[in-house]
Amino acid sequence: MPPPAPVGAWTLPSQCAVCRGWARARLCEACVQRFAAPVPRCCRCAIDVPAGVEVCGTCLRQPPPFDAALAAVDYAYPWDTLVRRLKFHAALDLAPALAERLLDAVRRQDAATTPDWLLPVPLSTARLRERGFNQAWEIARRVARALGCAADAHLLLRLKDTPHQTALPHDRRAANVRGAFAVEPLRRTQIGGRAIALVDDVLTTGATAAEIASVLKRAGARSVQVWVVARTPRPDA
Ligand SMILES: [Zn+2]
Ligand SMILES: [Zn+2]
């Protein structure tokens, strides 16, 4: 039997998006080995930590409203370039390869319990119209299909368009997203008692994820994990 095909595998030869070598997938195996080697991460916020450390100091002092977080890679070369190409240049051909990295990280975690829902961080209607797609959904739906669990792009709503988080200093990001998200009011019962994995492309300060996790918990979610492809590394790392 041939090995299982990766998420959204390309059947035709393609050029690796990083090294330009010919490969069967959009990222060649050598680049995955070189740039996506797993590192120890805080189990609450997915920041890289020294080996043997389970929870980082920040999360010990002030635990985030989500129960756990996992990230496949650091938001650094080449992943920052690939994520930006997906997001701002509509390079949708990169979505399967990025989803595959997240799926690897999910499968590596101990006691991998499949969530009831995979929910992408939503975009506002205006931004969705401008971009034409939600990169978080492009990743979430592929990971959900591979795990055999439900995903939905409409259970969470983004009520207001906020300035891009990247344009704001870190200490203003929480205030920027306060009140920006809600659970679809007609479907709140579908959140009650459920285990949710919130999916996004990048986790930076975690302000958006924290706000959405609080909204989900208020709607009765049993647990909220945050699953991202890339985590912004510690500034001093
Ligand atoms: Zn390569
Ligand atoms: Zn942490």
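Trainee: Are Lys-87 and Asp-201 buried or exposed?

Mentor: Gladly! Both Lys-87 and Asp-201 are buried, a label given to residues under 20% relative accessible area, while exposed is over 50% and partly exposed lies in between (1.4 Å probe, protein chains only). A word on the ground rules: the model is predicted, with local features needing pLDDT of at least 70 and side-chain atom pairs pLDDT 80 or more, whereas totals for chains, interfaces and linings use all residues. Residues are numbered from 1 along each chain as its sequence is written, chains are lettered from A and ligands numbered from 1 in the order written, and side-chain values use heavy atoms, without hydrogens and water.

The two side chains form a salt bridge with an N to O distance of 2.9 Å; the term requires a side-chain nitrogen of Lys or Arg within 4 Å of a carboxyl oxygen of Asp or Glu. Lys-87 sits in helix α3 and Asp-201 in strand β8, so their pairing ties together parts 114 residues apart in sequence. Helices here are DSSP runs of H or I with at least four residues, strands are runs of E with at least two, and both are numbered from the N terminus.

Asp-116 pairs with Arg-222, with 3.9 Å between the closest N and O atoms. Because Asp-116 belongs to the loop between α4 and β4 (117-120) and Arg-222 to the loop between α8 (207-218) and β9, this pair ties together parts 106 residues apart in sequence. Asp-116 is partly exposed at 34% relative accessibility, and Arg-222 is exposed at 54%. Arg-101 and Asp-104 also form a salt bridge, their closest N and O atoms being 3.1 Å apart. These two are 3 residues apart in helix α4, a separation of about one helical turn. Arg-101 is buried at 7%, whereas Asp-104 is partly exposed at 26%. Glu-138, Arg-141 and Arg-142 are linked in a salt-bridge network.

Now for the nonpolar setting. In soluble globular proteins, nonpolar side chains tend to be buried together. The largest nonpolar core here has 39 residues, and Leu-27, Leu-102 and Trp-227 have the most contacts inside it. Such a core is a set of buried Ala, Val, Leu, Ile, Met, Phe, Trp, Tyr and Cys residues joined through side-chain atoms within 4.5 Å. The elements of your pair, α3 and β8, are among those that each supply at least two residues of this core, along with α1, β3, α4, α6 (135-147) and β9 (223-231). Helix α4 gives the most, with 8 residues. Trp-227 is a handy place to look: leaving out residues up to four places away in sequence, its contacts (heavy atoms within 4.5 Å) include Leu-70, Leu-102, Val-143 and Asp-200. Apart from this core lies another, of 29 residues, among them Ala-71, Ile-212, Leu-216 and Ala-219.

Ala-90 lies in the loop between α3 and α4 (95-108), and its phi is positive, near 50 degrees, in a residue other than glycine. Ala-90 is partly exposed, at 44%. Another alanine, Ala-46, has a positive phi near 70 degrees; this residue is found in the loop between α1 (29-35) and α2 (57-61) and is buried, at 0%.

Finally, the metal. Cys-16, Cys-19, Cys-28 and Cys-31 coordinate the zinc ion (ligand 1) through their SG atoms at 2.3 Å. Donors are N, O and S atoms within 2.8 Å of the metal (3.2 Å for Na, K and Ca), and water is not among the atoms, so sites may look incomplete. Angles among the 4 donor atoms run from 104 to 116 degrees, making the site tetrahedral, a label that needs all angles of four donors between 85 and 135 degrees. Along the chain the donors follow C-x2-C-x8-C-x2-C. Cys-16 is buried at 0% and Cys-28 at 11%, but Cys-19 is partly exposed at 42%. The structure holds 0 disulfides, meaning pairs of cysteine sulfur atoms within 2.5 Å.

Notes. Tetrahedral: all angles 85-135°; square planar, octahedral: opposite > 155°, others 65-115°.
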